[in-house]
Amino acid sequence: MVMAPSSLNESSAEVELLSCPVCYEPLTRVGPPGLILQAICRSSFECKKCYKSYSSKKNYLDLTVTAGLKKYVEAKPIGTELFRSIIMSFIYEKGYRQCFKRYGFPGPDEEFKMAQDYFKSAEGGVLVDVSCGSGLFAIRFAKSGTYSGVVALDFSENMLLQCYDYLMRDPDTPLATDLVLVRADASRLPFTSCSVDAVHAGAALHCWPSPSNAVAEITRVLRSGGIFVGTTFLRSSPSWIFKPLNERILPSGNYFTEEEIEDLCTSCGLTNYTSKVEQSFIIFSAKKP
Ligand SMILES: C[S@@+](CC[C@H](N)C(=O)[O-])C[C@H]1O[C@@H](n2cnc3c(N)ncnc32)[C@H](O)[C@@H]1O
């Protein structure tokens, strides 16, 4: 099984972390131990309940429900598919992400500092960067040394490969770093319930096919006292115009008001909601009670 190295709720004992995305049973692992990229890549995983097996492709572990399927192909909405292209993965940190500044995003260094402030109570625990993209925050979280393990998770194979490429080129992040790359759907997180100390989701909420399913999943995997921090673009147009469009015509255009984001978090059972806003940029945090 894959264990969370030193989750805060089980200070010395290790807790099971990776689970089957089909049935959420903890995965049985054959291979070297540890939440370390090289060890995970040399391991194979099996669910003892549904007998589905999982292994690493290139340098990420594929824990999607569709992992290993040969004939069945499933296309996701544009907010997911757009980022699976090799071109988007390549340009993401070379101009695309920089454009967010126009909408009030302070930039990765400042956004990382803001997130770290919210995550103080998760120090020494396991952090999952959901929809990590090319790893601009996951790599910073891992390099900070604040966490016992960091999971960089995304649905896009090419984003994960780009993240690996940046890791390889960075002399300060040896591959023995407690950082692993996992392919998964935000709506089907491959972690056992209550096993994660912190979840970060930068500029991601508006890209998810179902933000409510994703936030419900984030709530499920967080331990009691665990923190969720997210950023996204706010919608400012009146809801009587945008909501019908959002629901019927633009099903992938998941832009929300501040009140809607708070409502979403609290309806999933999260508490202590806080937020900071700058133009269309919002960073929000919420806690699992
Ligand atoms: C705008 S990028 C954000 C990347 C990075 N976190 C940042 O702050 O710049 C959105 C990311 O969400 C990912 N994504 C979209 N749909 C997803 C899904 N269903 N599950 C997991 N990740 C998804 C995309 O692959 C993409 O990497």
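Where is Lys113 found? Lys113 is in helix 4, the run from residue 108 to residue 118. Keep in mind as we go that this is a predicted model. The relative accessible area of Lys113 is 51%, and since anything over 50% counts as exposed, Lys113 is exposed. Now look across to Phe141: Lys113 and Phe141 are separated by 28 residues in sequence, and their C-alpha atoms are 9.9 Å apart in space.

Next, let's go to the ligand. The ligand sits in the largest pocket, with 22 residues around it. Of these, the ones that come nearest are Thr80, Tyr92, Arg97, Ser131 and Asp154. For Tyr92, an N or O atom of the side chain is 2.5 Å from an oxygen atom of the ligand. With Asp154 it's also a side-chain N or O atom, 2.5 Å from a ligand oxygen. Ser131 brings in its backbone: a polar backbone atom there is 2.8 Å from a nitrogen atom of the ligand. How much of the ligand does the protein bury? Taken alone, the ligand exposes 600 Å², and the protein buries 100% of that.

Tyr92 also leads us into helix 3, which spans residues 86-96. Its buried residues are Met88, Ser89 and Tyr92. Around the helix axis these three cover an arc of only 100°, so they end up on the same side of helix 3. If you want the background, an α-helix has 3.6 residues a turn, so residues three or four places apart point the same way. Turn to the face away from the buried side of helix 3 and you'll find Ile86 and Ile87, both exposed.

After helix 9 comes Gly269, with a positive phi near 100°.

On the subject of phi, here's a bit of context: most residues other than glycine have a negative phi. Which way does phi go for Tyr24, positive or negative? Phi of Tyr24 is positive, near 65°, and this is a residue other than glycine. Tyr24 lies in the loop between strand 2 (15-16) and strand 3 (27-30). Its relative accessible area is 22%, and Tyr24 is partly exposed. Cys194 isn't a glycine either, yet its phi is positive at about 60°. You'll find Cys194 in the loop that runs between strand 9 (179-183) and strand 10 (196-201). At 39% relative accessibility, Cys194 counts as partly exposed.

One last stop is Asp62, placed in strand 6 (residues 60-62). Is Asp62 buried or exposed? Its relative accessibility is 2%, and buried means under 20%, so Asp62 counts as buried. The side chain of Asp62 has polar partners there. One of its polar contacts, at 2.7 Å, goes to the side chain of Thr64. Another polar contact, of 3.4 Å, joins the side chain of Asp62 to that of Arg183.

Technical notes: Residues are numbered from 1 along each chain as its sequence is written. This is a predicted model: local features need pLDDT of at least 70, side-chain atom pairs count only at pLDDT 80 or more; totals for chains, interfaces and linings use all residues. Side-chain values use heavy atoms; hydrogens and water are left out. Helices (H or I, at least four residues) and strands (E, at least two) are DSSP runs, numbered from the N terminus. A residue is near a molecule or strand if one of its heavy atoms lies within 4 Å of it. A polar contact is a pair of N or O atoms within 3.5 Å; within protein, one must be able to donate a hydrogen and the other to accept it, and residues adjacent in sequence count only if both atoms are side-chain atoms. Accessible areas come from the Shrake-Rupley method with a 1.4 Å probe; for residues, only the protein chains shown count as cover. On a 1 Å grid over the protein atoms alone, a cavity is a set of points where a 1.4 Å probe fits but cannot get out, and a pocket is an open set with protein on both sides within 12 Å along at least five of seven lines; lining residues have an atom within 4 Å of a point. A molecule sits in a cavity or pocket if more than half of its atoms lie within 2 Å of its grid points. Buried means under 20% relative accessible area, exposed over 50%, partly exposed in between (1.4 Å probe, protein chains only). The arc is that of the directions from the helix axis to the C-beta atoms.
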